[in-house]
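Notebook open, structure loaded. I'm jotting down what I looked up, in the order I looked.

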Amino acid sequence: MYKKLLEQLRATGIPFAETAWKKAPRGDYGVIDIDGQADAMWADNRMKTQAIEGTVDLFTHGAGEAAAKNIQTALDACGVSWQLNSIQYESDTGLRHFEWIYRLESW
């Protein structure tokens with residue numbers, strides 16, 4: 001499921017990396033990360049299912065609404081649950097930073 005999510009995000013045309021960019025590209029770019037376990041279902045003293053939580057970050061030099069909508073469309077296309085956690089302006093870089101939290105029901 002994570003691989004499908006990464007493919008959908010890259011299909012938006014926005015460059016995405018799985019770690020912080022050493023040298024960020026010009027224009028919009030994104031980072032996807034897995035933070036850890038969100039939830040789990042246990043039965044018979046064993047984990048039966050595990051949900052994974054992570055973040056998708058978009059950095060843009062403009063207002064970013066179109067790129068943000070493309071990200072949300074990609075998240076919807078994967079069938080993951082998500083929420084827009086924050087929109088920030090980073091004055092030191094001049095970038096607008098969107099952050100989504102997503103949950104996958106399986107890896």
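I started with Thr60, which sits in strand β3. Strands here are DSSP runs of E of at least two residues, and helices are runs of H or I of at least four, numbered from the N terminus. Before going on, I noted that this is a predicted model, where local features need pLDDT of at least 70, side-chain atom pairs count only at pLDDT 80 or more, and totals for chains, interfaces and linings use all residues. Residues are numbered from 1 along each chain as its sequence is written, and side-chain values use heavy atoms, with hydrogens and water left out.

**Thr60**

Is Thr60 buried or exposed? Thr60 is buried, at a relative accessible area of 3%. (Buried is under 20% relative accessible area, exposed is over 50%, and partly exposed is in between, with a 1.4 Å probe and protein chains only.)

I then checked what the Thr60 side chain touches. It makes a polar contact with the side chain of Asp28 at 2.4 Å, and it reaches the backbone nitrogen of Gly62 at 3.3 Å. A polar contact is a pair of N or O atoms within 3.5 Å; within protein, one must be able to donate a hydrogen and the other to accept it, and residues adjacent in sequence count only if both atoms are side-chain atoms. Setting aside neighbours within four places in sequence, I find Thr60 in contact (heavy atoms within 4.5 Å) with Asp28, Gly94, Leu95, Arg96 and Phe98.

**Strand β5**

Next I followed β5. β3 and β5 run antiparallel and are joined by 9 bridges; strands pair if DSSP finds at least two bridges between them. Thr55 has Ile101 as its bridge partner in β5. On β4 (residues 81-90), the pairing with β5 is antiparallel over 9 bridges, and Ile87 stands opposite Phe98. β4 and β5 make a hairpin with 4 residues between them, and Gly94 in that turn has a positive phi of about 75°. Why call β5 largely enclosed by the rest of the structure? Because 7 of its 10 residues are buried.

**Aromatic pairs**

I looked for ring pairs and got 2 in the structure. Rings of Phe, Tyr and Trp (its six-membered ring) pair if their centres lie within 6.5 Å; planes under 30 degrees apart are stacked, over 60 edge-to-face, and the rest tilted. Tyr29 and Phe59 have ring centres 5.1 Å apart and planes at 20°, so this pair counts as stacked. Tyr29 is in strand β2 (residues 29-43) and Phe59 in β3, so the pair ties together parts 30 residues apart in sequence. Tyr29 and Phe59 are both buried. Phe98 and Trp100 are also stacked, at 5.9 Å centre to centre with 10° between the planes. Phe98 is buried at 5% relative accessible area, and Trp100 is buried at 0%.

**Salt bridge**

How many salt bridges does a search of the whole structure find? I got 1. A salt bridge means a side-chain nitrogen of Lys or Arg within 4 Å of a carboxyl oxygen of Asp or Glu. Here Glu53 and Arg103 meet at 2.9 Å, N to O. Glu53 is in β3 (residues 46-60) and Arg103 in β5 (residues 95-104), so the pair links distant parts of the chain, 50 residues apart. Glu53 is partly exposed at 23% relative accessible area, and Arg103 is partly exposed at 33%.

**Confidence**

Last, I checked pLDDT, the predictor's confidence in each residue from 0 to 100. The protein averages 86, and 94% of the residues score at least 70. Among its elements, β2 has the lowest mean pLDDT (78) and β4 the highest (94).
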